[in-house]
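Subject: Structure for your review

Hello,

Please find the structure below. My notes on it follow.

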Amino acid sequence: MGSSRDVAVGTAAVPSLLLASMLGKNVSAIKEPLLYLHLAITATFFAGVFQAALGILRLGFIVDFLSHATIVGFMGGAATVICLHQLKGILGLEHFTKETDLVSVMHSVFTNTRQWKWESAVLGCGILFFLFSTRYFSKKRPQFFWASAAAPLTSVFIGSLLVYFSHAENHGVYVIGYLKKGLNPPSLTSLILSPPHMMIAMRIGIVTGIIALAEGIAVGRSFAMIKNYQIDGNKEMIAFGMMNVAGSLTSCYLTTGSFSRTAVNNNAGCKTAMSNIVMAITVMITLLFLTPLFHYTPLVVLASIIISAMVRLIDYEAAIHLWHIDKIDFFVCIGAYFGVVFGSVEIGLVIAVAISILRVLLFVARPRTSVLGNIPNSAVYRRMDQYPIAQSVSKVFILQIDAPIFFTNASYLKERISRYIDEEEESMVRAKGEKISLNYVILDMSALTLAELTCSRI
């Protein structure tokens, strides 16, 4: 149903852990595992319905409110919180907070210092060193890209062997344990479609669905740009939505386009979406026959893999670039980041979207105006603040308006134009030493697409 030839779909780190953190605030996975499972499946169902509805109704522009700056800040904040939560696995902690804010997480870490397991910490640091080393090596030697791609599975293999031969599970290193073989059953009867839990699942599904959708479409657009073809955003939404609806009926939880999987697919030479079918068959074979191999996999290894994946999402270089290019976008990014880190995922999203909408409203209410001047020996007029060689025309003032004229900005533009005229006449008086008035004021409205009739007297 999708239009992307490159997107590799599956579970992704941020939507997965976002779903887990939001579910964890409402129900305990340990005390009520069945309800937790049913809520996860139901949230996936509502996420899929919401995503498909956006595509069918051609409302994809809603996702555009999650601008690049918002995504950078949100991803960085979510990655930071997720990395901090992995300290539970790295340090071998039994009791840990369910909250996602920085203060609660650090308080939980340092109030349980007696539970720290040095064996788990040493193994975790070693695995992290291995993962970061292979990534650095692959970046320096692109022909060995497979080294970084194979590092997580290699870590699982090495960690499992170490635990098996050293019996580390008896010395503070927690392992996955028994995993049931086989495919999960149909889950239509597991959907919770009655209050009060239905409303919880719906809220979680919509929030996580938006994030998963934004991430999946961003991945598709990125690789479409690299390979010089176009994707249809509405088709992608319908495809992701139907995929999650179908998944929720077969005991699957939220999936989207994964950047890391897509990158590996691209490096391996995959050209079409058929690669997803090959990947699905591989997962099916693993579930049917290979799950006993993961019995001795240490949880600290999984925590290390998650940390190594999350660190890449903290794109501080993009934030610095935003600071140099657009200060408001930078504050959108920072607002999303600190909202997630010190509040919650929902707070971070609300702050980022609110600042983005405020910026749009500010642009409409306070449109940009520019004074134009003539480029010598030509009939070309350009902004005088951008072109130092541009010269003003004697007794003529030329002003460019770069936005539609509405009732919200008509009064502002009128005052702004009057102020420009007064300032121009004052500068002429200072230059000539006598009072001189402008003969003409020319408004360049070539950028306007709409002017309300009620504002025609501006």
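Threonine 369 stands opposite isoleucine 401 in strand 5. Helices (H or I, at least four residues) and strands (E, at least two) are DSSP runs, numbered from the N terminus. This is a predicted model, in which local features need pLDDT of at least 70 and side-chain atom pairs count only at pLDDT 80 or more, while totals for chains, interfaces and linings use all residues. Residues are numbered from 1 along each chain as its sequence is written, and side-chain values use heavy atoms, with hydrogens and water left out.

Strand 3 (residues 369-374) runs antiparallel to strand 5 (residues 396-401), and 3 bridges join them. Two strands count as paired if DSSP finds at least two bridges between them. Strand 3 also pairs with strand 4 (residues 381-383), again in the antiparallel sense and over 3 bridges. Here asparagine 374 stands opposite tyrosine 381 in strand 4. Strand 3 and strand 4 form a hairpin with 6 residues between them. In the turn, asparagine 377 has a positive phi of about 60°.

Buried means under 20% relative accessible area, exposed over 50%, and partly exposed in between (1.4 Å probe, protein chains only).

Salt bridges

The structure holds 2 salt bridges. The term stands for a side-chain nitrogen of Lys or Arg within 4 Å of a carboxyl oxygen of Asp or Glu.

One joins the side chains of aspartate 6 and lysine 227, at 2.6 Å from N to O. This pair links distant parts of the chain, 221 residues apart. Aspartate 6 lies in the segment before strand 1 (9-10), and lysine 227 in the loop between helix 8 (197-226) and helix 9 (233-248). Aspartate 6 counts as buried because its relative accessibility is 5%. Lysine 227, at 29%, is partly exposed.

The side chains of arginine 383 and aspartate 385 also meet in a salt bridge, at 2.6 Å from N to O. Arginine 383 has 14% relative accessibility and so counts as buried, whereas aspartate 385, at 57%, counts as exposed.

Cysteines

A disulfide is a pair of cysteine sulfur atoms within 2.5 Å. By this rule the count is 0. Cysteine 125, for one, is in no disulfide: the nearest cysteine sulfur is that of cysteine 83, 14 Å away. As for cysteine 252, it counts as partly exposed because its relative accessibility is 35%.

Regards
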